[in-house]
Amino acid sequence: MAEKKSDIDLNTWVDEYSDMLFNFASNRVNDRDLAKDLVQDTFFSALKAWDRFEQKSTVKTWLFSILKRKIIDHWRQQQSRKTRPISQFTTNDEDENNWIEATTPNSEVNETEKNIENTELRGALMSCIQLLPEKQRGIFIDKFIDNKDSEEICNEYEITSSNFWVIIHRAKIQLKGCLDKKWFE
Amino acid sequence: MECKEAAHLIDISDWKKLSLKDKLRLRIHNAMCGNCRGYKKFSHVFKSLFGDITQAQECLTCEEKEEMKKNIKS
């Protein structure tokens, strides 16, 4: 039976879902406090919108969809604050012949597994991910962090499979360039 | 096979098994192409980095959860 507004047990929501939501947000914004605020806002918005919740999906799915929107809003705000694009992340479609130079790894990358300190590298990697364009970032995180099925991502973003793999490839190359700068230099 | 196709197969192979035909084509290409061999290594290391990240899941502390409950109610 559907829960009424008065029946909502906020404590249960926080206890059951906050860790999942927090992890999801934390992986996407790379800032613990901000992730916490986003989760709190999500619960707050959910409480306000509870009357309109048609219960076609589970509460968990609904909360995640609210959180996703909040993260996208945050990314957009971040994007609009940027005064100019970061040159390392511009993609020149005409420059296809140069892709191979861009993908050639340097020796440091091959040594990564041996040398990394996970926490610091995670920080560097996550901050590099924040620099990806919005759509690319969402797709990349869904695939590499959430391990979502490629087909599911294609449906969600309404892209073709070949488009999806091009986006993944470009994101990898851009992240490699960013990591070379942030981590290895 | 061109490098572009090889790179595409390398990207896919991080996530699913290639067909025997594609595997052989890629192997033959990589035997002759140092750049694609390098990209394959990079791609493998890169993917493994994310394995470490997803294992390192963060949680909110009990205090943070209590504070959150208070903030939402207020």
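What percentage of the 74 residues of chain B count as buried? Notes below, starting with that one.

1. For chain B the answer is 18% of 74 residues, where buried is 20 or more other C-beta atoms within 10 Å of a residue's own, with C-beta atoms placed from the backbone.

2. Bear in mind that this is a predicted model: local features need pLDDT of at least 70, side-chain atom pairs count only at pLDDT 80 or more, and totals for chains, interfaces and linings use all residues. Residues are numbered from 1 along each chain as its sequence is written, with chains lettered from A and ligands numbered from 1 in the order in which they are written.

3. Chain B runs α-α-α-α from the N terminus, with 4 helices and 0 strands (DSSP runs: H or I of at least four residues for helices, E of at least two for strands).

4. On confidence, chain B averages a pLDDT (scale 0 to 100) of 85, and 91% of its residues score at least 70. Helix H2 (residues 20-32) of chain B is highest at a mean of 93, while helix H3 (residues 34-55) of chain B is lowest at 81. The complex gets an ipTM of 0.71 and a pTM of 0.59.

5. Beyond neighbours within four places in sequence, A:Phe22 contacts A:Ala35, A:Lys36, A:Val39, B:Glu58 and B:Leu60 (contact: backbone-placed C-beta atoms within 7 Å).

Conventions
Buried ≥ 20, exposed ≤ 12 C-beta atoms within 10 Å, placed from the backbone. pLDDT = per-residue confidence, 0-100. Contact = placed C-beta atoms within 7 Å.
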